[in-house]
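Open the structure in your viewer and keep the selection tool at hand. The stops below say what to select next and what is there.

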Amino acid sequence: MKQFILLVITGLLLGAQAAKTADLPDSEAPVTVIELIEVSTQDIDGFVADWNKRAENRGDMTATLYRSLLAGARYQLIDISQWQSQDAWAGANNGKPAGGFYRPAAWSNNIYAGSFQGGDSGARNDASLQRVQKDPEIKSPELPFVFINLMEMNDEDVAPFVADWQVRSKIMGQMSAAMGSTLYRSVLPGNPFKIVNVSQWQSYNGFVDANNNPAYAEKLASDLGHTPGIKLTRGFYRPVATHTHTYPAVKTKNDSNRMKIITVEEHFINMPMTAATRDEVEKIAPGHARAFVADFGSRTTMRIEQLLDIGADRIADMDANNIDMQILSYNAPAAELLAS
């Protein structure tokens, strides 16, 4: 049976109010739902087990359940799921508590240009700009994690905040530990969190260093002066469960006349190439190898054994999904890093 996997992130839902109390603009467009879950630490394992049991029947496209790295966090778990539309979410969650919907306002990806030392020679390098102190409670600070920042602000502060963030993200995107970030904006009134930032980092240590970079810290301090009433709820998370729904295609009566499916940008690797480029990769992006193989949500939905396989298992997977041909590309970085 032919299957398609959609990986579209275009909206968000948070909080605890009645389900679908208002229609979204473009209500048929995809949405992302974020649920903030308050649960005692002794009940987390049971919640995760139940989440996995319910995953197949949720009705979403993809979902990831994140667990806080701090025992004292208010939201020990955060569920982030992608839906085809507001109506799809409402139909699957009739009567379930809900809040506001969001859509992306801005995003940033790391350009891997090497370690950023700070571009403004006039930036102050003093204790007042050391915004982030390492929390000893964070376990395995050298491993990847997801930073989720919930922001309360006045409606009139949203637009200038987004504009400032877009400028700051160009600085942050040059930090070697930053992997990518999406800034979500509420599209319905009543949600306390007007803006939510979800960003991926190669390590907690790198996150602390990046936030204390003098150029970035001074820019942020200046920007926050534009929105003095902002309140932040900052969280540090790692995924504990993931799910991707597959969608069967409808076959025609004469299947020989169906449209052929050719997938592009399908990736593969081999271990000799990986070994030969490992040292250069580490110079350009410290921690990249760990981030790639770790259980890190959508960045590693394809496991290493799947990337290595270009034989029987891959063909069987193609057959199961009615894929006629794949265009294979070697996963970057690759031959461009080999010594001449």
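Are Phe147 and Phe236 buried or exposed? Both Phe147 and Phe236 are buried; buried means under 20% relative accessible area, exposed over 50%, and partly exposed in between, with a 1.4 Å probe and protein chains only.

This is a predicted model, in which local features need pLDDT of at least 70 and side-chain atom pairs count only at pLDDT 80 or more, while totals for chains, interfaces and linings use all residues. Residues are numbered from 1 along each chain as its sequence is written, and side-chain values use heavy atoms, with hydrogens and water left out.

**Stop 1: the aromatic rings**

Select Phe145, Phe147, Trp201, Tyr204, Phe207 and Phe236, which form one aromatic cluster. A search of the whole structure finds 9 aromatic pairs. Rings of Phe, Tyr and Trp (its six-membered ring) pair if their centres lie within 6.5 Å; planes under 30 degrees apart count as stacked, over 60 as edge-to-face and the rest as tilted.

Keep Phe145 and Phe207. Their ring centres are 5.6 Å apart and their planes stand at 90°, so this pair is edge-to-face. Phe145 is in strand β7 (residues 145-152) and Phe207 in helix α4 (residues 204-211), 62 residues apart. Helices (H or I, at least four residues) and strands (E, at least two) are DSSP runs, numbered from the N terminus. Phe145 is buried at 0% relative accessibility, and Phe207 is buried at 1%.

Now switch to Phe147 and Phe236, a tilted pair with 5.6 Å centre to centre and 40° between the planes. Phe147 lies in strand β7 and Phe236 in strand β10, so the pair ties together parts 89 residues apart in sequence.

**Stop 2: Arg234**

Select Arg234, which is in strand β10 (residues 231-244). Arg234 is partly exposed, with a relative accessible area of 34%.

**Stop 3: a charge over a ring**

Select Arg168 and Phe161. The charged end of Arg168 sits over the ring of Phe161, 5.4 Å from its centre. For this, NZ of Lys or CZ of Arg must be within 6 Å of the ring centre and within 35 degrees of the ring normal.

**Stop 4: Val264**

Finally, select Val264 in strand β12. Val264 is exposed, with a relative accessible area of 57%.
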